[in-house]
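Open the model in your viewer and keep the selection tool at hand.

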Amino acid sequence: REVEAAAVMLEQDYGVAADIWSLTSINELQREGKRVARWNLLHPEDEPRVPYLTEQLEGHDGPVVVATDYMKAHAEQLRQFIPRRYAVLGTDGYGRSDTRERLRRFFEVSREFVVLAALRALVDEGALKPAVVVEAMQALGISPDKIDPTTL
C-alpha cells in the first residue's frame, strides 16, 4: 500500500507517472535469470535468451524502485536482470518500532522514501533537476541529517 500511495503522490505532486508491479517471488525471478545467463554462457552461437524480468521491463521507460519489508539484499538479487537505473529500499537491521508505519519510516521504505528514491533516480537520469529532490525532502518531512538506520 505504501508504493501505491507513493505513486499517487508522484503523480499529483510531481507530475511523474509510475507503474506499480508486484513481485510475488524475487527468488524465482533470480533463479530463472541465472538459468538464462547459464544457458547463454553455454550456447555462445545461439540467439541469446532474455530473462523473464528483463523481457517484462522492455518498452517501459524510467528507473525501477523496489520497496520491500525484507532486507535490501533480497531485492538486490535482481539487479543484473534490470536494464536500467535500479534503487532498492529495504528494512536492513533490527525492528525498533511499535507499528508498521513507524517501522517503514525508520527503515526508509515508507511512501515518502519511495517518492524520494524515484525522484532521485530521475535526477540521476537527467530527467529532473536536483532542486526537485531538495524541495521534496522538505515537503515530505525528510531531513538530510536523519540517522542512517543501519548504524543503530
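Helices here are DSSP runs of H or I with at least four residues, numbered from the N terminus. With that in mind, select E2, which lies in helix α1. The model is a predicted one.

**Stop 1: E2**

Is E2 buried or exposed? E2 counts as buried, because its relative accessibility is 17% and the limit for buried is under 20%. E2 and A37 are 35 residues apart along the chain, and their C-alpha atoms are separated by 33 Å.

**Stop 2: the largest pocket**

Rolling a probe the size of a water molecule over the atoms shows where empty space is left. The largest pocket holds about 1200 Å³ of space. To find its centre, select V3, I20, W21, V65 and V66; of the 41 lining residues, these lie nearest to it.

Next, colour the elements around it. At least two lining residues come from each of α1 (2-14), α2 (26-42), α3 (52-57), β1 (64-67) and α6 (111-124). Which element gives the largest share of this lining? That is α1, with six residues. Colour the lining by class as well: 25 residues are nonpolar, eight are polar and eight are charged.

**Stop 3: the second largest pocket**

Keep α6 selected and move on. The second largest pocket has a volume of about 340 Å³. Its lining counts 17 residues, and L89, E108, F113, L116 and A117 lie nearest the centre. Show β2 (86-89), α6 and α7 (130-140) as cartoon; each supplies at least two residues of this lining. The largest share, four residues, comes from α6. By class, the lining splits into 10 nonpolar, two polar and five charged residues.

**Stop 4**

V88 and A75 are 13 residues apart in sequence, with 6.7 Å between their C-alpha atoms.

**Stop 5: E112 on α6**

Return to helix α6 and select E112, which has its place there. Which side chains does E112 meet in polar contacts? Another, of 2.9 Å, joins the side chains of E112 and S110.

**Stop 6: F106 and F107**

Now select F106 and F107 and show their rings. Rings pair if their centres lie within 6.5 Å, and planes over 60 degrees apart count as edge-to-face. The count by this rule is one aromatic pair. The ring centres of F106 and F107 are 4.8 Å apart and the planes stand at 85 degrees, so the pair is edge-to-face.

Check burial next. F106 counts as buried, because its relative accessibility is 17%. F107 is buried too, with a relative accessible area of 4%.

**Stop 7: charges over rings**

The charged end of K146 sits over the F106 ring, 5.7 Å from its centre. R49 lies over the face of W39, 3.7 Å from the ring centre.

Conventions:
Residues numbered from 1 in each chain as written. Predicted model: local features only at pLDDT ≥ 70, side-chain atom pairs only at ≥ 80, totals over all residues. Heavy atoms only, no water. Phe/Tyr/Trp six-rings, centres within 6.5 Å; stacked < 30°, edge-to-face > 60°. Buried < 20%, exposed > 50% of the residue type's maximum accessible area, 1.4 Å probe, protein only. Lys NZ or Arg CZ within 6 Å of the ring centre and 35° of its normal. 1 Å grid on protein atoms, 1.4 Å probe; cavity = no way out; pocket = protein on both sides within 12 Å on 5 of 7 lines; lining within 4 Å. Points joined across faces, edges and corners; volume = space filled by probe spheres on them. Nonpolar A, V, L, I, M, F, W, Y, C, P; charged D, E, K, R; others polar. Polar contact = N/O pair within 3.5 Å; in protein donor to acceptor, adjacent residues only side chain to side chain.
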